[in-house]
Amino acid sequence: MNLFRVFRYGDYGDREAAAAGETKYDTRAEWPLWEVFIRSKAGLDHKHAGSLHAADAAMAVENARDVYTRRMEGVSIWVVESKYIHASDPADAEMLYDPAHDKIYRHPTFYNLPDELKHM
Amino acid sequence: MNQQLLFYTLQLADNALINGHRLSEWCGHGPVLEQDIAISNIALDHLGRARSLYQYAAELFNALPPEERSTVFNSPALQEKVQMGALLDEDDLAYLRDGWDFRNVLLVEQPNEDWAFTIARSFYFDVHNFYFFEALKSSTDKMLASIAEKSLKEIAYHLRWSSEWVIRLGDGTDESHQRMQNALNERWMFTGELNTPATFELNLQETGAPVDLGIVAPRWMQKVTEVITEATLKLPASTWMQQGGKNGVHSEHLGYVLAELQFMQRAYPDMEW
């Protein structure tokens, strides 16, 4: 199984040109996709930062560290394989979300918050 | 004695620069995007450490008496500056010295070949770096001790990264196992030099500035054996150990590295952008 391919100076593109017309790449051999969640500082929630490829969870955490926290973006990382994320169907959007539009009374905006309270 | 300390500092700086440059050759050519970024990050870590060490080396050089300064290096471009009485900075040391004035170990100048060879070189070097800089934290030289303190966190990550790859490839498919074993075997002959002190290291020993390589060597061997065993690989058979890098005697590969690394400054001296 070909886990990854090596490109060095000069050989980029040659292989593609030679293989034009053939099946280019076996996507089943690719590493699975992972979703990355980063906590930017203690006390805050983990937020979705993006996704990446990795062979397993340990590598996903390390890759996330290198890809998403190199500019001091985070203090904690969660990863979950993308196939385990279940999403709502865009076709159901009207049914699911529109009814909330005219229900302003559900917002807690009628309270006065003390200034010391951050991140509400 | 200060000249010995200069050589010692340069040796550490050259290791960092040349190793960092080799890793940076992967930038844009990594096997997958994530590892391309990881290896480029690591290359930059080494480059950062090289800068701190070159700055200190330049300081040590500039503090030498003038008559001593003119005999330290043999590189024409650098000598020209020194003869004019100019003080040197980090860039002069990185860009104007020729191969014979470089003191990096032979291991770090070896070519990347494929991913397994790159990992083998990094793994041997990272294990050494980790135990070496751990010991350098207690150096009597305050500057070296603080550079060690600062570098150790990065180096701990480098070691984890390269060890994981040795295990991943060794314990992977038949082909990755074979390639990893082959790379470890091929690079083994350059590992002896890591823990063999050069004359300037021995001369400095009584000052307490350098690391006692006698302490690093068994730790290196233990860690390397541990990881290689976990990777279901075999420790390479003992062989003739190459050396000479610490004294400026290099393999032909260093010349090509420097040709690329120094081209801009040599072609357009003191250019800035």
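In strand E2(A), A:Ser51 is the bridge partner of A:Glu35, and A:His48 is that of A:Phe37; helices (H or I, at least four residues) and strands (E, at least two) are DSSP runs numbered from the N terminus. The model is predicted, so local features need pLDDT of at least 70 and side-chain atom pairs count only at pLDDT 80 or more, while totals for chains, interfaces and linings use all residues. Residues are numbered from 1 along each chain as its sequence is written, chains are lettered from A and ligands numbered from 1 in the order in which they are written, and side-chain values use heavy atoms, with hydrogens and water left out.

Strand E1 (residues 33-39) of chain A runs antiparallel to E2(A), joined by seven bridges (two strands pair if DSSP finds at least two bridges between them). The two strands form a hairpin with six residues between them, and A:Gly43 in the turn has a positive phi of about 100°. E1(A) also pairs with E3(A) in the antiparallel sense, over six bridges; here A:Trp34 has A:Glu81 in E3(A) as its bridge partner.

Together, the three strands make an open antiparallel sheet in chain A with the order E2-E1-E3. Strands E2 (46-53) and E3 (76-81) of chain A stand at the edges with a single partner strand each, so one side of each has no neighbour in the sheet.

A:Met95 counts as exposed because its relative accessibility is 58% (buried means under 20% relative accessible area, exposed over 50%, partly exposed in between; 1.4 Å probe, protein chains only).
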